[in-house]
Amino acid sequence: MSARKKMTFALLVGSTALAATACGGLEWQDIPSAMLSEGGRALTVDLTFKRPESDKEQCQRVVEREIEESASQVIIGVRVQDDCPRPSKPTIAMGYVRRVKLHLKQPLDGRTVLENVHHQRVRIYRSPDGS
């Protein structure tokens, strides 16, 4: 997937993620896709946050990663703490992509990957740069 397509995809998914993580504490994130590392032992998930990492007032952060492996499937989850203030008026939010790496005990080797919120299948992409 090209960088431009990934950014477009991240922005589209991000608007959904921003709405899903509206102010209110801990939320498991929906994970529609993940990037598989060359060795098959790591999945990288792109999440969209409300503020840049360098901002001193970072109001969203990853607090938990879940990985459950079996012989036939892997269930993954990322939980985010959201302490962002709720805007008093509707605003146009800009999302910032955060990459979250999930390390597997065994290579993926064709196992099905599901997200832990709705147990929907996660689309797996191969890392084009081998990372």
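Predicted model: local features only at pLDDT ≥ 70, side-chain atom pairs only at ≥ 80, totals over all residues.
**Entry 1: strands β4 and β5**

I began with the side chains of Arg79 and Glu64, which meet in a salt bridge with an N to O distance of 3.3 Å. Since Arg79 lies in strand β5 and Glu64 in strand β4, I note that the pair ties together parts that are 15 residues apart in sequence. I then looked up the accessibility of both partners: Arg79 is partly exposed at a relative accessible area of 24%, and Glu64 is likewise listed as partly exposed, with 33%.

The link is between distant parts of the chain, with Arg61 in strand β4 (residues 60-69) and Asp83 in the loop between β5 and β6, 22 residues apart. I have Arg61 as partly exposed, at a relative accessible area of 41%, and Asp83 as partly exposed too, at 44%.

Arg111 forms a salt bridge with Glu69, where I read 2.9 Å between the closest N and O atoms. Because Arg111 lies in the loop between β6 and β7 (112-115) and Glu69 in strand β4, this pair ties together parts that are 42 residues apart in sequence.

**Entry 2: the disulfide**

I searched the whole structure for disulfides and found 1. It joins Cys59 to Cys84, with an S to S distance of 1.9 Å. Cys59 lies in the loop between β3 and β4 and Cys84 in the loop between β5 and β6, so the pair ties together parts that are 25 residues apart in sequence. The angle about the S-S bond is 75 degrees, and the link of Cys59 and Cys84 is right-handed. I also checked accessibility and note that both Cys59 and Cys84 are buried.

**Entry 3: the nonpolar core**

I turned next to the largest nonpolar core, which has 17 residues, and asked which of them touch the most other members. The answer I wrote down is Leu43, Val45, Leu47, Ile76, Val78, Leu108 and Val113. The elements giving two or more residues to this core are β2 (33-36), β3 (42-49), β5 (73-82) and β6 (96-103). As background, nonpolar side chains tend to be buried together in soluble globular proteins.

I took Val113 for a closer look and, leaving aside its neighbours within four places in sequence, listed its contacts as Leu43, Val74, Ile76, Leu108, Gln120, Arg121, Val122 and Ile124.

**Entry 4: backbone angles**

Where do I find positive phi values in residues that are not glycine? Asp109 has a phi of about 45 degrees, and His119 has one of about 55 degrees. For comparison, most residues other than glycine have a negative phi. Asp109 is found in the loop between β6 and β7, and is exposed, with a relative accessible area of 68%. His119 is found in the loop between β7 and β8 (123-126), and counts as partly exposed at 46% relative accessibility.

Conventions:
Residues numbered from 1 in each chain as written. Heavy atoms only, no water. Core = buried A, V, L, I, M, F, W, Y, C linked by side-chain atoms within 4.5 Å. Buried < 20%, exposed > 50% of the residue type's maximum accessible area, 1.4 Å probe, protein only. Helix = DSSP H or I, 4+ residues; strand = E, 2+ residues; numbered from the N terminus. Contact = heavy atoms within 4.5 Å. Salt bridge = Lys/Arg side-chain N within 4 Å of Asp/Glu carboxyl O. Disulfide = S-S within 2.5 Å.
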